[in-house]
Amino acid sequence: MNTILLLDTSVGSQNKGDDIIMECVREELKFLFEENYEYSLPTHVSPFHWYQVWRNSSRVRSYSNCPLKFIGGSNILCKDLLTHYPQWNINWFNCRPIEGSIGVGVGAGAGDKTNWYTRKMYQRVLSHDFYHSVRDERTKRFVESLGLKAINTGCVTMWKLTPEFCKSIPDQKSNKVVFTLTRRLDKDEKDQFLIDSLVENYAEVYFWPQGVGDYDYFKQFDHVDAIKVLPPSKDAYDQFLTQNETDYVGTRLHGGIYAMRHGRRTIIIAIDERAREIHKGNHLNCIEKDEIDKLPSLINSTFETNVVMDFDAIIKWKSQFQNY
């Protein structure tokens, strides 16, 4: 029995989308976890103090000696690890136990440039032996620029979305809709237009606060008193999607993908590189926030869900671990 280390991007996260990602990571790696012993460590908070690593305790050695170490998706490859709060909270002095980590649908953060320290850190902690699973072509280019190997498998949350599954998703609108917002410092009138469009076009409207601060942001808007608010947990969202025939509309990418995984008609509103890059390669039902005026007509139109996934790439990536 081998030991496998899973670097968990949901621990300490302020975004329940990371809980969705880790649920899917564990589901897709189940073929390994059923036969082996799983360790887990956080990514958003530092897993070790440098002194613990320097002491080289038996526990540190156990993590260091795991033959497989996986890092679970998300926007984990920040372009600047010297920032005040990197997605992957590691440094040169505490990272030895996680050297050789393998990406599972990982994504690169915003920005085009990477500093010397960040490049050296990734070259140290990421595996040079295995192909990394990346979520889009932009991330693939970034990982390969580090001298490492990558396969564009798409986001791990989308590996379930086969052509047969997508055909089961309705092509016409429901009477209900659940939506998300992404908090901002200032009230965005485009979000008011989003809310008004949903209230006008659906009999029942629900809001799911996926991230910290989303609920307070939501309460700033007009015409929200009749909107029902779901509890801010993945389990509550899972239960709602399972028990209700509903559409999803919103700016939270993984809130939308999770709705699709439940067979729900979904419109994702792109606000950053995550949805944009995945849409380029995988064809989400997606519009830019600057095109929000198109939303009412899209809601009332008939459209199919035709997610494009390279399932051969997923099989190729998984096949690396068949001897474990």
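This is a predicted model: local features need pLDDT of at least 70, side-chain atom pairs count only at pLDDT 80 or more; totals for chains, interfaces and linings use all residues.
1. Ground rules come first. Local features need pLDDT of at least 70 and side-chain atom pairs count only at pLDDT 80 or more, while totals for chains, interfaces and linings use all residues. Residues are numbered from 1 along each chain as its sequence is written, and side-chain values use heavy atoms, with hydrogens and water left out.

2. The structure holds 21 aromatic pairs (rings of Phe, Tyr and Trp, the last by its six-membered ring, with centres within 6.5 Å; planes under 30 degrees apart are stacked, over 60 edge-to-face, the rest tilted). For Tyr39 and Tyr63, the centres are 4.9 Å apart and the planes at 75°, so this pair is edge-to-face. Distant parts of the chain are linked here: Tyr39 belongs to strand S2 (residues 37-42) and Tyr63 to helix H4 (residues 58-64), 24 residues apart. Helices (H or I, at least four residues) and strands (E, at least two) are DSSP runs, numbered from the N terminus.

3. A cluster is also worth a look: ring pairs join Phe70, Phe130, Trp159, Trp317, Phe321 and Tyr324.

4. Lys173 sits over Tyr202, 4.9 Å from the ring centre, and Lys316 over Tyr131, at 5.2 Å.

5. Contact (heavy atoms within 4.5 Å) between H10 and H11 involves Lys234, Tyr237, Asp238 and Leu241 of H10, with Gly255, Tyr258 and Ala259 of H11.

Conventions
A charge sits over a ring if NZ of Lys or CZ of Arg is within 6 Å of the ring centre and within 35 degrees of the ring normal.
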